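I set out to record, entry by entry, what I looked up in this structure.

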Amino acid sequence: MTDEANGEKKSPRIGVFICHCGSNIGGFVDVKAVTEYAATLPDVAYATDNLYTCAEDGLNNIKESIKEHNLDRVIVSSCTPRTHAPLFQRTCEAAGLNKYMFTFVNIREHCSWVHMKDRERATQKAKDLVRMGVARARFLEPQEETKIDVTQAALVVGGGVSGMTAALSLANMGFPVHLVEKDNELGGFVRNLHGLMNTKKSAGETIEPLIDKVNAQKNITQHLNSRVATVEGFIGNYDVTIGGDDAEPKEVKVGTIIVATGAVPLVPEGLFGYKEHPNVVTATEFEELCKKKDIPKLKNVAFIQCVGSRGQKVSYCSRICCNVAIKTAINIAENRDNMLGVTEEKPAEAGGQAVEEPAADMKAEEGTERRRRRRGRGRREGEDAVEEGAAPSSGVEITVFNRDVMAYGVEHELEFNKAREKRVKFIRYVPDNLPKVTMKDGNLEVGYFHETLKMERSMPVDMVILSTPLVSQPDASTLSQLLKVPLGQDGFFQEAHVKLRPVDFATDGVFVCGTCRGPADIAEAASQAAAAASRAAIPLANGFVQAEALTSRVDETKCTGCGTCVEVCPYGALRKNEEGISEVIAAACKGCGCCGATCPEGAITMTHYTDQQLLAEAKAALEEG
Amino acid sequence: MKKSVLVIGGGIAGIQAALDLADKGISVDVVEKLPSIGGRMAQLDKTFPTNDCSICILAPKMADCYAHPNINVMTYSEVKEISGSAGDFKVDVLKKARFVDEEKCTGCGDCFKVCPVSLPNEFDMDMRERPAIYMPFLQSVPRAATIDRAGVAPCSDKCPAGLSAQGYVALIRAEKFKEAVDLIRRTIPLPSVCGRICHHPCEDGCNRKDVDDPVAIAGLKAFVGDFVREQGKDTPAEIEEDRKEKVAVVGAGPAGLAAAYRLALKGFKVKIFEATSKPGGMLWWGIPDYRLPKDVLSAEVDYLLAHGIEIEYGKTVGKDLTLDDLRKDYDAVFLAIGAQRSLKLDVPGEDLKGVVHGVDFLHKVAAKEEVDIGKRVAVIGGGNAAMDAARTALRMGSDVTVIYRRTKNEMPAIAAEIKGAEDEGVKFEFLASPTKIEGKDGSITAIECIRMKLGEPDKSGRPRPVPVEGSEFTVEVDTVIPAVSQAPDLAALGSKDLAVTKWNTLEVNPDNLSTNVDGIFAGGDAVSGPASAVEAFAAGNKAARYIEKKLNGESIEPEPEEKDEHVITLEDIKARMKGEITKSERVMRQHLPDEKRRTTFDEVEKVFTKEEALKEAARCVSCGPCSQCEACAPACGPDAIDYNMKDQVVTLNPAAIIVATGFDVWDPSSASEYGYKKYPNVYTAMEYERMINAAGPTGGHIVRRSDGEHPKKLAFIQCVGSRNPQVGHPYCCAVCCMHATKEAMLAREHYDDINSTIFYKDMRACAKGFNEYVERAKSDYAVSYVNSDATVQENAQNRNPVVVFDVGGKQQSEEFDAVVLATTLVPRKETVDLAEKLGLKLTEFGFFESPDGILDFGRSEVPGVYLAGYCAGPADIPESVAQGSSAAAKAAEVLANSGGG
């Protein structure tokens with residue numbers, strides 16, 4: 001303690017601002033009583049309550065009180081530092097107070113919300129929490145943050161649509177970009193596809209212009225057949241080694257990193273007769289067959305949705321598969337690009353088939369349609385098809401077994417309508433009663449329980465297309481460890497905040513976009529990619545970042561150089577200096593405290609979370625309120 | 001020149017775009033139509049799939065955006081015009097006057113408490129009311145109030161004295177009676193008097209006249225004047241300061257009294273010289289007791305005099321003292337001598353005994369002098385004086401015929417006066433003009449008239465009466481009372497210096513009422529010729545204003561009188577109310593029975609009781625909607641309110657533009673199968689969202705509109721209006737499945753006895769963590785999902801909505817306590833206009849179009865213009881945020897390549 005060291009022992013002047021948060025706190029805690037209590041605590045020079053401390057008048061109140069009451073420490077007792085600490089810290093700074101002289105007491109999440117039904121004890125707990133905060137605040141010290149220069153270049157990992165889009169955007173802003181792709185060419189997963197949703201263009205035709213732009217952009221250095229081998233450093237200053245399959249490792253320096261490594265389709269081992277029966281393929285495999293124009297003669301096609309997803313192999317919905325199935329079904333129905341090669345041979349069959357096959361389930365569907373139409377909000381496809389007097393032009397009977405058709409938004413829903421107009425049947429199943437793919441008399445057959453008719457039915461099919469979910473890349477965890485960014489439970493990279501920070505990682509300087517973050521269609525992936533580029537460009541544009549002062553500090557006189565801290569640090573923020581003593585790389589340190597907790601000599605202090613501060617807080621917790 | 005980016009729309013997408021750009025060191029202007037940024041997200045209670053409090057996570061971003069050194073936030077603003085191209089746009093932004101200084105206002109809300117106006121609170125989906133000075137929500141950014149003033153109410157606009165009629169009606173409605181009287185007195189010194197005798201052009205303007213009948217604005221004024229006085233609360237106003245200058249006012253009529261009162265309030269020493277023995281001028285001598293009881297007039301004049309005004313009766317300038325004396329003894333003189341001299345008919349026989357001119361007749365009656373009128377009386381003229389004379393003569397026992405040369409339609413008298421006369425039994429001879437008064441032995445026997453017909457309109461716009469030759473006829477009468485017109489008696493003034501017009505009125509500069517003689521001002525009937533009391537009040541006020549300037553040594557150059565404020569129309573109000581105005585019958589003032597009226601001078605129309613007044617005031621549709629009562633400024637501690645604030649146009653020069661204007665909620669009342677607005681317990685999802693919010697209209701409680709009970713069985717119906725080509729929304733809104741699931745979970749969190757059922761077509765829980773969220777709703781929150789279309793009926797007994805749906809092809813129905821409709825989210829109305837200004841294309845459903853929606857979503861077809869958020873198509877919050885950042889990247893690319901930044 002500086003004051004004590006100087007022997008002056010100037011007593012702190014603490015201001016406590018207790019927030020009602022509208023009724024979020026005020027409705028369950030007697031805020032006035034807590035305020036009155038706070039005023040009685042030692043070294044509290046001023047205590048007040050605000051309806052919303054975070055609103056402008058609340059902030060002004062803090063600023064004015066700092067001046068009026070000569071406060072040297074500020075406590076806001078309200079919600080969570082995760083969202084609000086920076087705001088209050090800036091407010092303190094605006095009033096000339098070092099932002100580390102601010103501390104937070106959370107009486108909402110930790111108090112009012114969890115003790116909604118016991119006002120009296122919630123109030124008592126709020127008092128306890130405030131008393132603890134005040135105890136800690138007495139030992140707060142001002143800290144200095146350092147400005148760190150930023151290497152004005154970026155690394156984009158993954159050369160698919162997302163990676164290319166992100167790289168191109170950053171390059172267009174004028175920043176050099178290293179684009180790392182593990183394959184020998186750009187394009188990513190889309191290269192496997194024949195057609196895309198919501199466009200008449202083929203997948204190849206769609207992405208070629210993007211690849212051309214990347215090739216033409218001089219700010220982009222492509223590293224094909226390459227992977228990220230090592231990553232050292234921290235925001236603004238990353239040293240990255242790019243390992244080539246058959247090339248010398250290259251070292252590049254970048255300021256920010258975008259992860260755009262994509263995803264892969266689940267291989268549905270053991271599901272729905274996959275690899276067991278002929279002509280049971282995944283949607284991706286069907287795309288490949290289309291590309292090769294290697295589709296067998298088809299009369300009946302069944303799609304099965306949610307193969308392995310939504311609670312089977314994975315818990316999530318893969319978002320894109322319904323729309324892929326709709327696209328493919330329409331393409332089959334329209335015999336796009338003569339992909340089937342069948343209608344030219346037997347055009348006459350076309351009409352006959354649909355007339356022949358208005359099976360009971362079809363009627364039931366139509367019955368529902370009629371009811372819907374009566375209510376003026378129905379689907380129109382039956383009507384239109386009848387008007388056109390047409391079955392699918394290809395003569396192929398197409399059925400999509402689904403749980404819910406995820407045709408969200410405008411275009412997907414319109415495509416869904418179009419598919420139904422083309423007499424593609426959508427039959428719902430429930431997870432307790434999955435369709436069964438079997439062989440009967442040498443023919444492929446799909447058996448299912450008709451939910452409307454409440455009966456088992458079956459249909460012969462020529463081909464079954466399994467819609468399997470996208471799953472994370474097998475090497476995602478490697479990259480996750482290299483970059484020290486998390487994967488979620490679903491195996492995809494986990495963004496910093498699902499609502500408001502969709503392309504940021506919690507780790508500064510690293511960003512995420514595309515399907516490595518979770519299933520997304522091309523438009524969404526590209527949109528996220530541009531977003532990630534925008535986010536990654538911020539430190540590059542400024543040329544510097546402000547490093548937090550919330551780091552560990554080594555007392556060189558106590559350190560014995562045992563190296564424990566170097567080993568436990570998850571961020572590589574500690575190293576031994578020439579004298580064998582540990583030192584902290586401030587910009588890399590996240591202030592997690594692992595080193596401080598493990599140091600056998602007690603040589604490491606956590607700035608802003610010193611033992612003295614924490615012990616004071618703990619002692620206060622045990623005092624009688 | 002430093003290049004900037006314009007972001008249109010201050011919702012989450014716009015905020016994110018602005019922050020991303022600003023953090024790169026780029027200047028950003030954010031234009032938001034509403035008084036606060038925050039957009040739709042601010043209205044949400046929680047957000048899926050984490051159930052984070054929406055405003056809690058949004059508010060810091062709003063604050064960041066507003067406080068960012070590189071961001072200039074313009075709220076309550078609209079883009080007016082756009083020209084130029086990428087790298088160099090020119091954009092005119094209309095910054096609407098909010099009448100509150102954004103810097104000074106602390107958002108304390110003291111002004112909200114004094115505002116008498118109640119309006120639907122749009123932020124709370126009209127489920128509660130807000131004042132006309134307001135903040136949309138507690139966490140509004142900027143934290144500054146806004147006065148919702150779309151224009152001036154027609155009642156206020158039509159008042160010749162410029163009184164804010166809507167203002168005092170609003171104050172009466174809010175039972176702020178003293179405040180109402182104070183407001184009236186700022187313009188009309190005699191509220192009770194004016195309320196009784198004014199010809200109330202305010203009521204002619206009232207927008208309610210086209211719905212049913214105008215609000216009884218004048219009657220309310222009479223009520224509030226009386227009520228406050230009778231309650232003894234009519235305490236004198238404070239004198240601003242003590243001034244030594246002396247002002248002489250000649251004439252204690254309405255103009256003189258108004259000027260004297262105004263000047264007295266300013267602290268001047270005011271003395272009124274009144275020729276007669278009573279105050280009020282024509283109010284005393286010309287208006288009979290049955291319209292204006294003398295005690296009311298006396299009381300109100302006494303109130304004025306209590307402000308230190310001296311009055312001397314029986315002093316005629318020109319006779320008892322000269323104008324020169326006044327000029328010598330006083331620093332300024334205001335001549336308000338009225339127009340007391342009756343004009344003659346100019347027909348033979350006018351000097352016969354039995355001819356008594358209207359003004360003289362009324363004066364004598366008022367003075368309780370003997371007036372000899374016969375059994376049969378003819379009153380000539382169609383103005384108020386004629387009606388007063390006729391009804392007075394009637395009360396004196398005569399049989400009265402009014403002779404008027406045009407028809408009833410052209411009569412200048414107040415309609416109520418004409419009706420009063422008719423009801424009481426006065427006869428009318430229209431289209432007749434006297435040609436001769438016949439007499440015998442010096443007394444009248446008859447009056448000869450000639451029939452008239454209506455010709456071309458004259459200068460006044462009324463048809464000119466033209467005599468029909470040879471149509472003379474006679475009416476036998478004993479007394480003739482000509483009441484055709486009056487003129488000032490300037491000769492009596494005895495001044496040679498004052499300039500006089502050819503109409504024998506005093507000549508003044510109409511803009512400051514100064515005469516040609518320095519220090520002498522004139523106004524009222526003496527200048528205008530006979531006119532209304534309210535016009536005389538206005539003249540007195542104006543004279544006082546310029547006399548004060550004169551005495552302050554300031555220039556009396558007339559100030560430009562701006563009256564360019566938009567006058568609110570019925571259409572404006574309907575647009576604001578989103579529908580028709582409910583009819584409501586005008587409260588009629590109690591009348592004395594016709595029979596009784598003929599024999600007494602008791603007041604005919606009873607003043608409203610308090611109950612009647614409140615009922616009548618409640619009919620006001622709050623045109624302004626701010627009533628301009630000016631109650632808020634005195635309540636404002638930091639002095640932030642400025643009624644003179646003007647709209648401003650700011651020209652910006654952005655290199656790129658980001659459009660992020662968000663969405664609207666479709667009103668499902670046109671889809672009758674859901675019963676919205678028909679069945680009280682049917683809600684829209686947005687209404688429910690506000691209801692479940694702790695800061696919302698019900699404080700976070702879910703309550704039934706019908707009985708305030710909290711529902712235990714909730715139904716959510718999905719795709720209301722969406723996925724439905726019949727209503728023009730074939731698309732899926734992409735957020736409602738998750739939204740409904742969240743709402744059902746929250747219901748359970750608030751009350752553990754609520755069970756929810758969601759009726760859906762497809763449960764589109766298809767983004768990160770969404771499927772898991774729905775599974776959690778089923779397992780942990782007892783939410784049931786039924787895969788069916790659904791419509792709503794009602795059990796009329798308990799007002800429970802009944803959901804009709806089908807499962808397995810069988811129609812079923814189930815009763816619920818309340819139903820929540822997931823209504824379609826649609827592009828905002830203004831999108832069309834903005835698209836036109838920007839040259840952008842809209843999709844068939846009205847969203848802004850991205851030509852390459854596959855690889856370059858958010859890039860419009862206009863270079864330099866980018867799109868983000870729901871205005872470009874359905875998107876949830878994280879998608880909107882990503883699109884905001886994405887648009888920022890695109891804009892930053894433009895800046896990097898346009899040599900600025």
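I counted a residue as buried if 20 or more other C-beta atoms lie within 10 Å of its own, as exposed if 12 or fewer do, and as partly exposed in between, with C-beta atoms placed from the backbone. Helices (H or I, at least four residues) and strands (E, at least two) are DSSP runs, numbered from the N terminus.

I noted that this is a predicted model, in which local features need pLDDT of at least 70 and side-chain atom pairs count only at pLDDT 80 or more, while totals for chains, interfaces and linings use all residues. Residues are numbered from 1 along each chain as its sequence is written, and chains are lettered from A and ligands numbered from 1 in the order in which they are written.

**Entry 1: helix H5 of chain B.** I found nine of the nine residues of H5(B) (165-173) buried, so this helix is largely enclosed by the rest of the structure. Among them are Tyr168(B) and Arg173(B). The cover over these buried residues includes H4 (154-158), H6 (177-185), H8 (201-205), H9 (217-230) and H22 (610-617) of chain B. Just after H5(B), I noted a positive phi of about 60 degrees at Glu175(B).

**Entry 2: strand E12 of chain B.** Four of the five residues of E12(B) (246-250) are buried, so I describe this strand as largely enclosed by the rest of the structure. For pairing, I required at least two DSSP bridges between two strands. E12(B) runs parallel to E13(B) (269-274), joined by five bridges, and it pairs in the parallel sense with E15(B) (332-335) over four bridges. Val247(B) has Val270(B) as its bridge partner in E13(B) and Ala332(B) in E15(B).

**Entry 3: contacts between the chains.** I took two residues as in contact if their C-beta atoms, placed from the backbone, lie within 7 Å. By this criterion, 73 residues of chain A are in contact with 74 residues of chain B. H16(A) supplies the largest share of the chain A side, 15 residues.

**Entry 4: the nonpolar core.** I defined such a core as a set of buried Ala, Val, Leu, Ile, Met, Phe, Trp, Tyr and Cys residues joined through C-beta atoms within 7 Å. The largest has 487 residues, and those with the most contacts inside it include Val259(A) and Phe334(B). H16(A) gives the most to this core, with 14 residues. Beyond four places in sequence, the contacts of Val259(A) include Val157(A), Leu479(A) and Phe493(A).
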